[in-house]
Amino acid sequence: MVSALAAEGLHFAYEGDVHAVQGVDLALQDGELLVVVGPNGSGKSTLLRLFAGLLAPQRGQVRLDGGPLDALPPRERARRLAVVPQALATLPETTVQAFVLAGRYAHIDRWRGATASDHDAVRAALAAAEVSELSSRPMTDLSGGQRQRVLVARALAQQAPRLLVDEPTAALDLYHQLRVFDLLARLAREGRAVLVVTHDANLASQFATRVALLHEGRLAALGSPAQVLRREVLEPVYGPHLHFGTLPDGAPFVLPWMGPPR
Amino acid sequence: MSRRRLPPALLGLLLLVALPLLLVWSLSTGVAGGHDLSTLLRGVLAALGAGPPLPGTTQTIIELRLWRALTTAGVGAALSLSGALLQGLFRNPLASPSVLGVTSGASLGATLAILALGGYGPLLLSVLAGGASVLVPAAGFLGAAGIVSLVVLLAGAGGRVSVPALLLLGLAVNTCLAGLLALISALVLADWEVSRAILAWTFGSLDDRAPQHALTVWAGLAVACAAVPFVAWELDLLAAGEEDARALGVHTARVRRIVVLASSLAAAAAVAVSGQIAFVGLVCPHLVRLLSVRSHKALLPLSALLGACFLLGIDTLQRALLGDRALPPGVAMSLVGGPFFLGLLLSHRRELDTW
């Protein structure tokens with residue numbers, strides 16, 4: 001079976017830096033939510049940007065539906081692969097509606113402008129991300145949680161079957177963290193291939209199909225949440241101050257704990 | 001959050017009404033006195049080859065003023081459009097053709113061409129060139145495009161240039177170019193013909209403009225305008241960040257190339273017919289954003305339109321007030337634009353202080 005999105009032997013180093021990503025092989029299937037976790041500087045965000053085609057790997061390559069990703073023109077790539085960034089460099093002074101319409105860039109003909117089907121896609125995306133009631137609000141007025149959901153809505157408007165999501169819960173309270181992951185899990189169940197990069201192993205535990213643990217630019221573990229979120233796997237990466245437990249439904253959780261080391 | 005802003009369509013309409021009125025005012029303003037509307041109309045028609053010329057000096061006076069007015073409006077539009085494009089490209093409200101040294105680059109290119117034509121360069125080049133009317137503006141364009149490309153290169157991959165970095169870059173580029181221009185002027189000081197041609201280019205003038213001046217600037221402007229539909233939405237998307245725009249499917253490298261070429265062409269066309277006129281490219285896009293709109297689809301054409309009205313208005317106003325002691329356009333614009341630039345800098349104090 002051809003993977004939706006596959007990294008083959010990816011290497012990337014920033015200028016004058018140690019290798020951010022060194023020799024990662026990782027394939028993403030349609031219908032799965034793959035969560036990449038790892039400590040700060042483990043190469044998570046770099047890996048996401050490589051998967052998105054925003055960085056060019058120094059060695060190895062990314063394949064989209066079996067074909068090389070870097071051979072696709074930008075518009076074609078954007079129709080098949082959408083990115084939800086962690087934050088924007090500058091918040092545009094537009095309404096939520098106009099902002100989400102930018103997700104249609106790769107679909108809209110320069111001379112015809114946005115058509116009814118584009119506006120339908122925007123409406124559907126706003127509804128799916130549960131931000132329809134914000135559509136006429138200016139982007140600069142939104143709370144962190146609202147902004148995150150609007151960023152997801154813009155990626156949904158892109159109607160790409162593959163979704164790459166960077167730290168979607170970094171600025172969110174507990175309730176909104178759940179809501180965002182619930183939405184991403186639903187998108188995966190609907191058949192999309194969703195890759196999420198996050199610090200939050202516990203959300204990964206509840207929602208991920210598979211978890212990938214990245215450590216110093218290498219894949220340290222890959223498997224179901226129960227396989228990866230274990231002391232033997234996490235302690236070499238995060239150190240000994242960890243407390244493990246089990247949620248009512250049997251999923252593992254892990255907390256940072258300053259208690260006496262074992 | 002919202003201050004009341006003019007709808008872009010209304011601002012466009014106001015400017016479209018203002019431009020012909022300013023043209024008529026400009027045509028009836030001058031040392032030789034004014035004319036009534038029907039005389040003006042017949043004179044303009046005759047100048048365009050659609051009617052008999054007016055008797056005496058009237059026809060000559062109207063034609064001189066017509067080419068001057070059309071050139072001035074075109075120069076204002078071209079500089080303002082160039083400024084709006086550069087501000088979008090570098091995501092920096094202080095970018096403009098003169099601040100970045102683009103107009104100086106055009107001057108240097110043109111100066112080198114004048115030297116070549118004056119016999120200082122390869123003789124073959126001067127023979128091939130035939131007329132200075134093509135070679136000099138073309139060399140000016142190359143100079144302008146060279147400077148914009150240089151700034152793009154120095155700006156690095158991210159594309160966004162902070163205010164302090166932009167000012168320092170502009171300062172460095174302008175200093176280098178001024179040095180080179182001064183060196184060339186010093187070397188050819190003895191050759192009166194070449195010196196005069198270079199001086200005319202460097203300081204510029206809107207006096208004694210002929211049809212080819214108006215044609216040159218409007219042709220450059222037209223080509224630059226043709227680029228607008230290919231970059232307007234893209235520049236809006238770039239404002240949120242280079243990577244974000246790429247993820248949405250924007251071919252950012254191509255957008256940058258088109259903007260570099262269009263802004264250089266517009267600036268060079270303006271410099272080719274009027275010399276360096278500072279600040280139009282800074283002030284006008286800023287006013288459009290302040291009064292009405294930020295989205296480039298409206299900002300770019302409105303900036304061009306406002307630039308035409310603005311320079312034509314200022315030029316006519318100072319001719320009406322000062323008569324035959326009217327200032328060169330570059331000087332007049334500096335008097336208006338210098339304080340405006342200072343004000344802009346003060347409003348960016350915080351960004352400068354934290355740097």
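Predicted model: local features only at pLDDT ≥ 70, side-chain atom pairs only at ≥ 80, totals over all residues.

Reader: Let us begin with one helix. Why does the length of helix 4 of chain A agree with what it should span?

Author: Count residues, then compare with the end-to-end distance. Helix 4 of chain A runs over residues 116-128, which is 13 residues. At 1.5 Å a residue these should span 18 Å, and the end C-alpha atoms are 18 Å apart, so the two agree.

Reader: Which residues of helix 4 of chain A are buried?

Author: A:D118, A:A121, A:V122, A:A125 and A:L126 are buried. They cover an arc of only 130 degrees around the axis, so they sit on the same side of helix 4 of chain A.

Reader: Which residues are exposed on the other side of helix 4 of chain A?

Author: There, A:A116, A:S117 and A:D120 are exposed.

Reader: What covers the buried residues of helix 4 of chain A?

Author: The cover includes helix 3 (96-101) and helix 5 (144-157) of chain A. Look also at what follows helix 4 of chain A: A:E130 has a positive phi, near 55 degrees.

Reader: Now chain B. How many residues of helix 12 of chain B are buried?

Author: The count is 18 of the 23 residues, so helix 12 of chain B is largely enclosed by the rest of the structure. Helix 12 covers residues 252-274 of chain B. From first C-alpha to last it reaches 33 Å, close to the 33 Å expected at 1.5 Å a residue. Just after helix 12 of chain B comes B:G275, with a positive phi of about 70 degrees.

Reader: Which residues of helix 8 of chain B are buried?

Author: They are B:V163, B:L166, B:L169, B:G170, B:V173, B:L177 and B:I184. The 25 residues of helix 8 of chain B should span 36 Å at 1.5 Å a residue, and the end C-alpha atoms are 36 Å apart, which agrees.

Reader: How do I describe two helices that pack together?

Author: Two numbers describe them: the angle between the axes and the distance between the axes.

Reader: Is the crossing of helix 13 and helix 15 of chain B left-handed or right-handed?

Author: The crossing of these two helices is left-handed. Helix 13 of chain B makes the contact with B:V280, B:L282 and B:V283, and helix 15 of chain B with B:M333, B:G337, B:F340 and B:F341.

Reader: At what angle do helix 1 and helix 3 of chain B cross?

Author: They cross at roughly 140 degrees, and their axes come within 9 Å. Helix 1 of chain B and helix 3 of chain B are therefore oblique to each other. The crossing is right-handed. In helix 1 of chain B, B:L19, B:L23, B:S26 and B:L27 meet B:I62, B:R65, B:L66, B:A69 and B:A73 of helix 3 of chain B.

Reader: On to loops. Where does B:R91 lie?

Author: B:R91 is in the loop between helix 3 (58-90) and helix 4 (97-100) of chain B. Its phi is near 50 degrees, a positive value in a residue other than glycine. B:R91 has 22 other C-beta atoms within 10 Å, so it is buried.

Reader: Is B:F279 buried or exposed?

Author: B:F279 has 24 C-beta neighbours inside 10 Å, so it counts as buried. Its loop joins helix 12 and helix 13 of chain B. B:F279 is not a glycine, yet its phi is positive, about 80 degrees.

Reader: What is B:V161 in contact with?

Author: Leaving aside neighbours within four places in sequence, the contacts of B:V161 are B:F90, B:N92, B:A155 and B:L166. B:V161 lies in the loop between helix 7 (132-155) and helix 8 (163-187) of chain B. This residue is buried, with 24 other C-beta atoms within 10 Å. The C-alpha atoms of B:V161 and B:V151 are separated by 9.4 Å, and the two residues are 10 residues apart along the chain.

Reader: Last, how many residues of chain B are in contact with chain A?

Author: On chain B there are 16, in contact with 21 residues of chain A. Helix 10 (211-238) and helix 11 (242-247) of chain B each supply at least two residues of the side that touches chain A. Helix 11 of chain B gives the largest share of that side, four residues.

Note on methods: Residues numbered from 1 in each chain as written. Chains lettered and ligands numbered in written order. Expected span 1.5 Å × (residues − 1). Buried ≥ 20, exposed ≤ 12 C-beta atoms within 10 Å, placed from the backbone. Arc of directions from axis to C-beta. Contact = placed C-beta atoms within 7 Å. Left-handed = near helix turned anticlockwise from the far one by under 90°. Axes fitted to C-alpha atoms, helices over the stretch in contact; angles between N-to-C directions. Parallel < 35°, antiparallel > 145°, perpendicular 65-115°, else oblique.
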